[in-house]
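Visitor: I'd like to go through the labels on this one and hear what stands behind each of them. Could you show it to me?

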Amino acid sequence: MVLVVPGSAAAAGPRHHHEARARVWVTTTDRAELLHERAPVAFGRGASTQPTITVNPDQTYQRMDGFGASITDSSASVLYRLAPRERDQAVRSLFDVKNGIGVSFLRQPIGSSDFTAAAGHYTYDDVPAGQTDVALRHFSVDHDRAQILPLLRQARRLNPQLTILGTPWSPPAWMKTGDSLVGGRLKDDPKIYDAYARYLVKFVQAYAAAGVPIDYLTVQNEPQNRKPGGYPGTDMPVRQQAAVIERLGPLLKKASPNTKILGYDHNWQTHPGDVGSTPPGEDPETDYPDQLLDTPAAKWLAGTAYHCYSGDPSAQTALHQAHPDKGIWFTECSGSHGPDDTAEQIFRGTLTWHARNLTIGVTRNWGKSVVNWNIALDSTGGPHLGGCGTCTGLLTLQPDGTVRTDAEYYTIGHLSKFVRPGAVRIASTSFGTTGWNGQIMDVAFRNPDGSTALVVHNQNDDPRTFAVAVGTHTFEYTLPGGALATFVWPRSVTAHPGELPLTGATAVAYPPGEGATLAIDGDASTRWSSGAAQTPGQYLQVDLGTPRTFRSLAIDSGGYLGDYARAWQLSVSPDGQHWTTAATGIGIGQLTTVNLHPTRARYLRLTSTTSSPNWWSIADLRLYR
């Protein structure tokens, strides 16, 4: 038997022995701290009574491409209102890794979007109404040479690891039904599909020749948005997108083999308005990404791109589980606001919504990128031609000519400045949900240099204290209400021994409470809870499905303070009939780690052995080799 008795020193928090330190940057909702570097925090040894974020670098997920926004025509126009010196400072604040936030991913409109400063909408091959240009003799990107391309080249000089995705809002009007950039579909003609594929390839070639290589390409922004509000848009059902991709793939492989194609490029779920606008007799294709990845065109797709305007990030995990061989990129979301919201309300609301849904929600759901919409706008939310009148940018040009960094600058910056391209997301327990539950939530990454970046958001309006544990290394920290923070520590901070996956395990509990399986689902934001005061004899029992050998067990009661077992017993069994007591202990806080001699068992049973007015909750049960 191995007894776990953390002791009074553990109850007081981690003990420090000149351990490694984590650097800390914080942004608060009142702007008092804006990516402000605080004093570093030292790792100690010992347990904590607080909810504990357990970081496990041995468990890895997706590789990250980058984080950023779009230099739209409007953004370029706003930046060019600045004098050259001030414009250079603004661009450096965005793309310089050391002196700015190191934006590492841009999504560039191919032609016009709603955010254009031009007098009218445009593509790269516009001809008079009634005419066509199937040979693309009039193709030109000259519109972009004055402002957009120079900014892109400067961005690439400042951050050579910059990734660029190109996306069209509309094909040229002569390719479409209705002969308009606003609405309509591609003409259902193989010659048009072929011309559009060649149009996109010519864009990639023209940009590369201008010094801006294109890494990714989508074939249509928001293909289910059938009624764009006065700006370019195209209804492109799955069969048409697949037809274009099947022609584009071989052409791109020959002309620009390093450019990858992404599909869909629309919301987490089909917007109700898009469902309602489906032509009579047609499928609304509410499973558009799945349908597209089930077509022959999928062979040419690196994966799928998503937006934020309907649904939630869990759709990304659902698609990953259905198509684990394809990547997921998040490519658009804009902050917005009501007409009477104050600047303080806009900043706070945008910071907290984006922190939990994008900074953390997207990345915890397999997203390889987090990309906002406009990188810069003026104080009126423009210029724009149709579309969104309440959108916000990373930078805002004020009426007095100064440039203000806004909430999206920080929700992106807490990632882009510290999580380098090529970083890998690693496992970390997180207690918050994208739908808001008032808890601490987080996401962790291992950088190519071996350092770790942990991004943490306090969803609650009040300060919250938590701990961070990496193996036997632990620190405690308190974040103000609504704050967003990034912690970075060196590779010398080592981790736990390997975690054993609980895939296929099942669980039962007495009382059934909120569902025993929630204790073994690998999600610390869900929990089994007794639903009643603790009494002796309550238990959680797990069937691993097959005998497993383990050396330690983590019993994590999550973010609900006080819901840990005051006293407990761990029993093990090879068959569910014959039980042996493996450990007993007294709980003092949210996370209890039980260290054992090598133990082999198929069944585990945790039993409460005393009474307490608190409920007993287990958010996450973890086994280690």
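Guide: Helices (H or I, at least four residues) and strands (E, at least two) are DSSP runs, numbered from the N terminus. By that numbering, Phe203 sits in helix 5. Keep in mind that this is a predicted model, where local features need pLDDT of at least 70, side-chain atom pairs count only at pLDDT 80 or more, and totals for chains, interfaces and linings use all residues. Residues are numbered from 1 along each chain as its sequence is written, and side-chain values use heavy atoms, with hydrogens and water left out.

Visitor: Why is Phe203 called buried?

Guide: Buried means under 20% relative accessible area, exposed over 50%, and partly exposed in between (1.4 Å probe, protein chains only). Phe203 has a relative accessible area of 0%, so it counts as buried.

Visitor: Which residues is Phe203 in contact with?

Guide: Contact means heavy atoms within 4.5 Å. Setting aside neighbours within four places in sequence, Phe203 meets Ile110, Tyr124, Phe139, Gly166, Ile214 and Leu217. Gly166 is 37 residues from Phe203 in sequence, with 8.8 Å between their C-alpha atoms.

Visitor: What makes helix 5 and helix 6 oblique to each other?

Guide: Axes are lines fitted to C-alpha atoms, for helices over the stretch in contact, and angles run from 0 to 180 degrees between N-to-C directions. The axes of helix 5 (residues 190-209) and helix 6 (residues 238-255) cross at roughly 45° and come within 9 Å. Angles under 35 degrees count as roughly parallel, over 145 as roughly antiparallel, 65 to 115 as roughly perpendicular, and the rest as oblique. The pair is therefore oblique.

Visitor: Which residues of helix 5 and helix 6 make the contact?

Guide: Among them are Tyr193, Leu200 and Val204 of helix 5, along with Ala243, Leu248 and Leu251 of helix 6. The residues of this contact divide into 13 nonpolar, 2 polar and 4 charged. Ala, Val, Leu, Ile, Met, Phe, Trp, Tyr, Cys and Pro count as nonpolar, Asp, Glu, Lys and Arg as charged, and the others, Gly among them, as polar.

Visitor: What makes strand 16 largely enclosed?

Guide: Of the 7 residues in strand 16 (residues 440-446), 6 are buried, so the rest of the structure largely encloses this strand.

Visitor: How do you know that strand 16 and strand 17 pair?

Guide: Two strands pair if DSSP finds at least two bridges between them. Strand 16 and strand 17 (residues 452-458) have 7 bridges, in the antiparallel sense, and Val443 is partnered with Val455 in strand 17. Strand 15 (residues 424-428) also pairs with strand 16, antiparallel over 3 bridges, with Ile426 opposite Ala444.

Visitor: Why do strand 12 and strand 14 count as standing at the edges?

Guide: Their open sheet of 3 strands has the order 12-13-14, with mixed pairing. Strand 12 (376-378) and strand 14 (403-405) each have a single partner strand, so one side of each lacks a neighbour in the sheet.
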